[in-house]
Amino acid sequence: MTSVREIRLKSRPRGLPTAENFEMATVDLPAPGAGEVQVKNLWMTVDPYMRGRMNDVKSYAPPFALGKVMDGGAIGEVTASNDPALKPGDLVQSGFGWREGFTAPAKSVQKLDPRGLPPQAFLGAAGMPGLTAYAGLLKVAALKDGDVVFVSGAAGAVGSMVVQIAKAKGHTVIGSAGGAEKVAFLKSIGADHAIDYKAEKDLSAALARVAPDGIDVYFDNVGGEHLEAALNSAKLFARFAICGMISMYNATEPPPGPRNLAQLIGKNIRMEGFIVSHHFGMMGQYAEELAGWVKSGKVTWKETVFEGIERAPDAFVGLFTGENLGKMLVKLA
Ligand code: NDP
């Protein structure tokens, strides 16, 4: 029997989550029964969508249960196996995050072949967030030659991949993020223009300044004022891939809609929301393109790492206060 620590949802937050909403517990893991494995988690991810799961509201992902361990993506190493498909030392990807380890059916985890990448990349650039950027640009926004692309939340996990994928495909890219360090990062990964939205009094004016002829594609990670600015700068037949609206996730009252939504009509804008799980079929194609871009140096990524399961709530809350550059991760071992 091995003891591990896990993070449980203690109470449902109102507004920005605080330490009081989480509690840590220690549990004993049973030895793996027939068809089971025991895994030591090396990395776990914190993602903005988990904020929605802290509410008691039905959505595309079920709410976390009060008093129960939370869950989410994790990368771990098999420490004991009672299944022929996996052996000790194998790397696996699972949905058993927010804990240091677990015992579970072998078929509930996926064996990971890191293909020369660091394993935690599969929680970021080479995993769900990277695919979100790829599918959102190629499938939802249907990128075409000459498009000017605007992306908000551009220095984060999804956004920084949007910037680089759009650049790798030859587009003009404008990214928005908060603060001088993030703006410098955006320039370093190839963005043609970077807007520090925290330093701008009028975001619409700032976007119009760097995109005087307008934008063809808006990749929305933020919503609110960013969406309004994108509508104001949209060209005729612009496409909006609505990926996330993080500016609203901690709202305690329903936020007002974009005041200029009617521009959809006159500008013939196509606005489409999407969830990456409906595009998992593109993973093979993405992995292949990504390998080429990594090799040629066209795509790279940053990670912000918090160490230890006890820091997981801080890492999670940091997503909403902008503490991360690139992918926010928790290193567990
Ligand atoms: P990030 O790595 O981008 O981290 C979140 C970032 O959001 C922060 O670093 C912060 O950057 C920014 N942010 C936080 N609050 C605000 C605010 N009020 N206004 C503007 N920016 C804010 O997270 P991800 O890349 O994982 O996710 C990005 C978006 O994509 C989220 O909206 C998420 O929900 C969505 N998403 C959607 C998926 C889908 O299937 N549709 C899949 C994955 C993610 P800054 O310092 O610049 O403010």
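Modeller: Residues are numbered from 1 along each chain as its sequence is written, and side-chain values use heavy atoms, with hydrogens and water left out. Because the model is predicted, local features need pLDDT of at least 70 and side-chain atom pairs count only at pLDDT 80 or more, while totals for chains, interfaces and linings use all residues.

Biologist: How many salt bridges does the count come to?

Modeller: Side chains of opposite charge can pair when their charged atoms come close. A salt bridge here is a side-chain nitrogen of Lys or Arg within 4 Å of a carboxyl oxygen of Asp or Glu. By this rule, the count comes to 15.

Biologist: Is E6, which meets R8 in a salt bridge, buried or exposed?

Modeller: The side chains of E6 and R8 meet at 2.8 Å, N to O. Buried means under 20% relative accessible area, exposed over 50%, and partly exposed in between, with a 1.4 Å probe and protein chains only. R8, at 22%, is partly exposed, whereas E6, at 9%, counts as buried.

Biologist: How many residues apart in sequence are the parts that K327 and D47 tie together?

Modeller: The side chains of K327 and D47 form a salt bridge of 3.2 Å, N to O. K327 lies in strand β15 (residues 327-331) and D47 in the loop between β3 (36-45) and α1 (49-53), so the parts that this pair ties together are apart in sequence by 280 residues.

Biologist: How many nonpolar residues does the shell around the ligand have?

Modeller: Ala, Val, Leu, Ile, Met, Phe, Trp, Tyr, Cys and Pro count as nonpolar, Asp, Glu, Lys and Arg as charged, and the others, Gly among them, as polar. By class, the shell has one charged residue and nine polar ones, and its nonpolar residues number 16.

Conventions:
Helices (H or I, at least four residues) and strands (E, at least two) are DSSP runs, numbered from the N terminus.
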